[in-house]
Amino acid sequence: DWNLALDTVGGPHWPGGAMDSPIIVNAEADEFYKQPMHYALAHFSKFFPRGSVRVDVSVAGDANPQAQAAAVLRADGSVAVVVLSTNDAPETVTISIDGTRFVNAEVAARSISSFVVA
């Protein structure tokens, strides 16, 4: 299951498994709460606009790279890359876009970083 909004006990859900979501709705208090996941989705949507097409991307880095990436070709011809670092320390990475373009960057520890390549 994947939900955009759930109640304060993680429902509605299938029996036996409460879920998490980007937005939690507290109907009794007439409130909603934006979870960290909400901001991560917002970050991606700002760099990956509608109509973008996924392109191959890979990340190589320090001796023990802890980064993953996704990339899209945007309508204006630029390529947007979003890098997720789960490393506890900053790391230097080389991002390969379709094996033809390369970007060297320093990414912060435990971060989401974005790059636009013209």
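This report describes the confidence, charged residues and surface features of one predicted protein model.

Residues are numbered from 1 along each chain as its sequence is written, and side-chain values use heavy atoms, with hydrogens and water left out. Because the model is predicted, local features need pLDDT of at least 70 and side-chain atom pairs count only at pLDDT 80 or more, whereas totals for chains, interfaces and linings use all residues.

**Confidence**

The pLDDT is the predictor's confidence in each residue, from 0 to 100. Its mean over the chain is 89, and 96% of the residues reach 70 or more. Strands are DSSP runs (E, at least two residues) numbered from the N terminus. Confidence is highest in strand 4 (residues 53-55), at a mean of 97, and lowest in strand 5 (residues 57-61), at 87.

**Charged residues**

Side chains of opposite charge can pair when their charged atoms come close. A salt bridge is defined as a side-chain nitrogen of Lys or Arg within 4 Å of a carboxyl oxygen of Asp or Glu. The whole structure holds two salt bridges, listed below.

| Salt bridge | Distance, N to O |
|---|---|
| Arg54 and Asp56 | 3.4 Å |
| Asp88 and Arg110 | 3.5 Å |

The pair of Asp88 and Arg110 links distant parts of the chain, 22 residues apart. Asp88 lies in the loop between strand 7 (79-85) and strand 8, and Arg110 in the loop between strand 9 (101-107) and strand 10 (111-117).

Arg54 counts as exposed because its relative accessibility is 62%. Asp88 is likewise exposed, at 64%, and so is Arg110, at 60%.

Glu91, in strand 8 (residues 91-97), is buried yet has no salt bridge. The nearest side chain of opposite charge (Lys and Arg count as positive, Asp and Glu as negative; His and the chain ends are not counted) is that of Arg110, 9.7 Å away.

**Strand 5**

Val57 is placed in strand 5 and counts as partly exposed because its relative accessibility is 22%. Val57 and Ala71 are 14 residues apart in sequence and 6.1 Å apart in space, C-alpha to C-alpha.

How values were computed:
Helix = DSSP H or I, 4+ residues; strand = E, 2+ residues; numbered from the N terminus. Buried < 20%, exposed > 50% of the residue type's maximum accessible area, 1.4 Å probe, protein only.
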